[in-house]
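Dear colleague,

I am handing over to you the structure shown below. Please keep it open while you read the notes that come after it.

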Amino acid sequence: MGLVTSPALDAAAQLVADLPPASAVWCSGLRKRYRKRTAVDGVSFAVGRGEVLGLLGPNGAGKTTVIKMLLGLVRPDAGEVLLLGKPSAEPASRARVGYLPELFRYQPWLTAAEVLKLHVRLAGAQVAPTERQECLATVGLADRAGDRVGGFSKGMQQRLGLAVALVARPELVILDEPTSALDPLGRADVRDLLLALKARDVAVLLNSHLIGEVERVCDRVVILDKGRVAAAGTLPELLGRREVRLRLDGVTAAVETRLGAAGPLTRDGDEFVVTLPVEPDPDTVPDLVADLVSLGVRVHAVEPARVSLEERLLDILRTPHEERG
Ligand SMILES: Nc1ncnc2c1ncn2[C@@H]1O[C@H](COP(=O)(O)OP(=O)(O)OP(=O)(O)O)[C@@H](O)[C@H]1O
């Protein structure tokens, strides 16, 4: 039996080193039943490095169960999970994942600073006290570091939960309803926080019922319904067609023909809606407006529009399973 030569080993090591980093989350065929009730029924998706993925779906769709299976907190009946390229049961990969549970409760007898210190220790990480204090400041708790958690409001406990999820410099953050107890200002803070994480190439899996929030920050969305993936894709893929609404004066037959050349046209009085392709040519709208003006039309308003994620979500959930694409 021939020994593997060291140049061959070096080449193999180089090959592995040159591989793109594994997805932050990869799961395939996840299934979970509670007695007779199927909570999750064959769910597969991935979250890329630095990607923000939104998990959407009605109450009881299986979102929290999926999240708990990803983290190894619930044992799947079937399916596989890799977090940062490793089985989620491996402590080394779990230590690089930050998690904010849907139902959070922290030790009421500890101060906010002590809770963070404890979680840094549990993650086996080294985070200097100044950095821990900065983390509390990021979630708006800078002046409450020395106060006991027992005296915190629900929103303040959720802010602390976010700090716990972020303090050990994770590469993947899983947030289960992170803004359920937050005021509008707090929600805006979380949005900024998510964008800051994305800028640092941290992957985020976000479960939220606040569709506007998901639409603003997520690169991709997975919609769950009755334990299955009802739809998945980037926002342009899911939202599809774009429209441009125009309010015009002095429209002649020639003008209508020009409008119709840009895309299917509907009219309601002086309001016109032109449906554009999913990824329209960037010159389509400026060219159209220039032509309208040269045809003597007075242009009062030009407004790009797109079906909202909320409309699309309701549309998908109201379509019977068997008719979904
Ligand atoms: N520990 C459990 N025991 C029994 N059934 C459970 C358990 N956990 C979840 N389920 C059931 O699994 C299904 C999915 O629940 P899950 O909490 O994952 O939904 P969800 O999409 O997160 O809902 P919500 O938006 O309301 O938080 C529900 O029918 C729920 O009753």
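The notes below take the domains, the ligand and a pair of helices in turn.

Please bear in mind that this is a predicted model.

Domains. The domain assignment divides the chain into domain 1, residues 25–236, and domain 2, residues 241–306. Between the C-alpha centres of domain 1 and domain 2 there are 43 Å. The UniProt record, an unreviewed entry, carries the annotation "domain: ABC transporter" for residues 25–251.

Ligand. The residues around the ligand include Tyr 34, Arg 37 and Ala 39, together with Gly 57 and Asn 59. Also among them are Gly 60, Ala 61, Gly 62, Lys 63, Thr 64 and Thr 65. By class, this shell holds six polar, three nonpolar and two charged residues. Strand S2 (37–47) and helix H2 (63–70) each provide at least two residues of the shell, and H2 contributes the most, with three.

Helix pair. Helix H10 (residues 253–262) packs with helix H11 (residues 284–294) at an angle of about 175 degrees, and their axes are 10 Å apart. Because angles over 145 degrees count as roughly antiparallel, H10 is roughly antiparallel to H11. On the H10 side, the contact is made by Val 255, Arg 258 and Ala 262. On the H11 side, Thr 284, Leu 288, Asp 291 and Leu 292 take part. The contact of H10 with H11 has four nonpolar, two charged and one polar residue by class.

Yours sincerely

Key. Residues numbered from 1 in each chain as written. Predicted model: local features only at pLDDT ≥ 70, side-chain atom pairs only at ≥ 80, totals over all residues. Near = placed C-beta within 6 Å. Helix = DSSP H or I, 4+ residues; strand = E, 2+ residues; numbered from the N terminus. Nonpolar A, V, L, I, M, F, W, Y, C, P; charged D, E, K, R; others polar. Domains from an automatic or database assignment. Axes fitted to C-alpha atoms, helices over the stretch in contact; angles between N-to-C directions. Parallel < 35°, antiparallel > 145°, perpendicular 65-115°, else oblique. Contact = placed C-beta atoms within 7 Å. UniProt positions renumbered as here; feature names shortened; annotations may be inferred.
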